[in-house]
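I opened this model to look up two things.

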Amino acid sequence: MWIRGPYGTSPLRKGIHDMGTDIHADGGLSRRHHSETTLQVNGKPHTLTLDHRRVLLDVLREDLDLCGAKKGCDHGQCGACTVLVDGRRVNSCLLLAVSLDGCEVTTVEGLTADGEELHPLQRAFLDRDAFQCGYCTPGQICSALGAISEAAEGHPSHVTDPSVPSGRPVPLSRDEIRERLSGNLCRCGAYPRIAEAVEDVVR
Amino acid sequence: MKTFDYVRAASVEEAAEAYAARPGARYLGGGTNLVDLMKLGVERPAALVDLTRLPLDAVEELPDGSLRVGAMVRNSDLAALPAVRDRWPALSQAVLAGASGQLRNAATTGGNLLQRTRCPYFQDVTKPCNKREPGSGCGAREGVHRDHAVLGHSAQCVATHPSDMAVALAALDARVELYGVEGTREVAAADFHRLPGDRPDLDTEIRPGEIVTGVVLPASTAGRPSAYRKARDRASYAFALASVAAVVRVESGVVAQAGIAFGALAHRPWRARRAEGALVGAAPTDDAFEHAVDLELAAAEPLRDNAYKVPLARALALDVLTRLTASART
Ligand SMILES: Cc1cc2nc3c(=O)[nH]c(=O)nc-3n(C[C@H](O)[C@H](O)[C@H](O)COP(=O)(O)OP(=O)(O)OC[C@H]3O[C@@H](n4cnc5c(N)ncnc54)[C@H](O)[C@@H]3O)c2cc1C
Ligand code: SF4
Ligand code: FES
Ligand code: FES
């Protein structure tokens with residue numbers, strides 16, 4: 001079955017433990033506001049001492065110089081910050097980085113290895129001219145990548161025909177693509193081209 | 001955002017102890033609501049107890065034909081479970097009608113139940129709100145309240161509960177499993193959320209420090225025709241203006257079983273007991289459905305700008321009831 005464990009089931013993950021607090025012999029608790037956190041980003045491990053308040057999006061952009069993921073709304077409402085965590089698309093603006101210790105993160109920069117050709121989705125976005133300003137594009141591409149694997153794993157959507165048997169791959173029609181990418185807004189309104197680009201890749 | 005301590009517990013017991021030892025602690029699920037509210041300054045926890053690595057991500061078939069879903073099962077996985085799609089389709093449909101693919105991948109079953117209202121005054125710390133700051137007043141009652149409650153509201157608060165999933169759980173007679181330092185208990189999903197009364201700060205029956213460990217979908221509604229329908233301002237990625245979940249069984253030409261719940265009309269999923277009572281034993285005709293739904297919605301007390309919700313909810317309910325009984329009506 002495709003049900004995955006919680007985030008961070010990779011071997012990199014540290015032993016589950018009380019990360020932020022030292023318990024003293026007298027039983028008193030001393031609060032900590034930082035923790036050492038290891039993130040495997042685009043295949044490379046990074047160990048950072050992070051303020052607990054920091055979200056993954058800010059760590060990627062400010063500490064790791066990966067500015068592909070964008071900050072549109074900072075509240076889960078636009079999808080510009082979409083990246084993949086342990087292979088699943090998520091809004092990096094709402095994920096506390098410390099909670100992802102040991103997880104694998106893939107950003108738009110990591111879709112291909114150094115020096116490689118573009119990823120087929122990137123190629124299709126170029127071929128279809130599926131953007132104007134490009135601000136939403138990294139999020140659109142990461143979201144499309146996640147959506148394609150969800151459909152292949154048999155995840156239904158709001159518009160999935162009930163006659164598609166449970167647990168079987170869902171074919172991605174235009175309506176399916178539009179619904180599954182609804183978490184990614186495009187202020188330039190490039191939606192028709194974005195749907196065409198994704199359709200090119202799944203066909 | 002205020003600084004906070006962070007604890008990753010290895011067991012449910014340890015999590016509850018860590019919470020009890022830290023005044024001002026909050027549990028962290030997917031964080032899609034809590035982190036948002038922390039950024040807005042609405043939540044200012046002194047510590048977060050992270051539940052996401054607890055072994056609460058299992059889905060178990062129980063011997064009596066019910067299904068137990070762990071509190072850390074992500075919304076997208078819940079909606080995709082063949083057992084849920086085939087036997088409790090209203091639940092899968094409700095989850096898929098909410099939020100976005102990205103948010104459902106992060107959001108947990110427990111966190112979805114406990115998400116806070118989307119009332120804009122609640123989310124804005126510069127505005128009065130009895131739910132966020134008891135005694136400060138209710139900005140919405142005479143203010144912007146197009147999305148607010150038409151049923152069961154109080155002088156203190158007119159907010160709605162935003163979850164789609166919770167509406168399906170209420171209609172399907174699901175149960176919520178809780179763990180606290182005093183032990184475990186179960187609450188019917190339909191009774192888990194409260195009406196605001198004079199304590200709008202309390203959304204649910206959960207006690208301080210308790211953990212939602214899972215939900216149980218009962219055999220009594222398994223395999224019965226069920227569906228969820230939601231009306232919203234855009235076709236996707238928007239909260240409900242009104243919604244309905246229903247499960248209906250027709251036997252020998254009469255309704256033998258009915259569970260109906262409305263969403264986005266009240267401070268909790270609104271279980272339509274009056275409508276159900278009127279339907280059971282009646283033939284599944286248009287007249288019977290209209291009579292039953294009108295009986296329920298007669299209790300509505302719309303605010304200045306949200307009377308539209310009553311006919312909208314009525315139309316949704318009639319559509320769902322008609323579709324669910326189509327084969328028995330011909
Ligand atoms: C842009 C946007 C659109 C959305 N649209 C919809 C929509 O259309 N329909 C809909 O239903 N929802 C919608 N949502 C809300 C979303 O479904 C919730 O944010 C999500 O389900 C919360 O789950 P979580 O695991 O992320 O909870 P968290 O944010 O981690 O937690 C929420 C609350 O529950 C507590 N908590 C979490 N888990 C437990 C537990 N096991 N035991 C005890 N306490 C716990 C936390 O302390 C917190 O108070 C939307 C959200 C966003 C940001
Ligand atoms: S409706 Fe409830 S949540 Fe909204 S402002 Fe009034 S008291 Fe606050
Ligand atoms: S920046 Fe994360 S959803 Fe908008
Ligand atoms: S291309 Fe400009 S926001 Fe999408």
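How many bridges join strand β4 (residues 59-61) of chain B to β5(B)? I count 3, and the two strands run antiparallel. I took strands as DSSP runs of E of at least two residues, and helices as runs of H or I of at least four, numbered from the N terminus. Two strands pair if DSSP finds at least two bridges between them.

Ground rules: this is a predicted model, where local features need pLDDT of at least 70, side-chain atom pairs count only at pLDDT 80 or more, and totals for chains, interfaces and linings use all residues. Residues are numbered from 1 along each chain as its sequence is written, chains are lettered from A and ligands numbered from 1 in the order written, and side-chain values use heavy atoms, without hydrogens and water.

**Strand β5(B).** I followed L67(B) first. In β8(B), L67(B) has L217(B) as bridge partner. β5(B) and strand β8 (residues 211-217) of chain B pair antiparallel over 4 bridges.

The hairpin of β4(B) and β5(B) has 5 residues between the strands. In the turn, G65(B) has a positive phi of about 90 degrees.

Next I checked the faces of β5(B) (residues 67-70). In a regular strand the side chains alternate between the two faces of the sheet. Here both faces are covered: L67(B) and V69(B) on one side, R68(B) and G70(B) on the other, are all buried. Buried means under 20% relative accessible area, exposed over 50%, partly exposed in between (1.4 Å probe, protein chains only).

For C142(A), the nearest cysteine sulfur is that of C81(A), 10 Å away. C142(A) is buried at 1% relative accessible area. C188(A) is partly exposed at 27%.

Note on methods: A disulfide is a pair of cysteine sulfur atoms within 2.5 Å.
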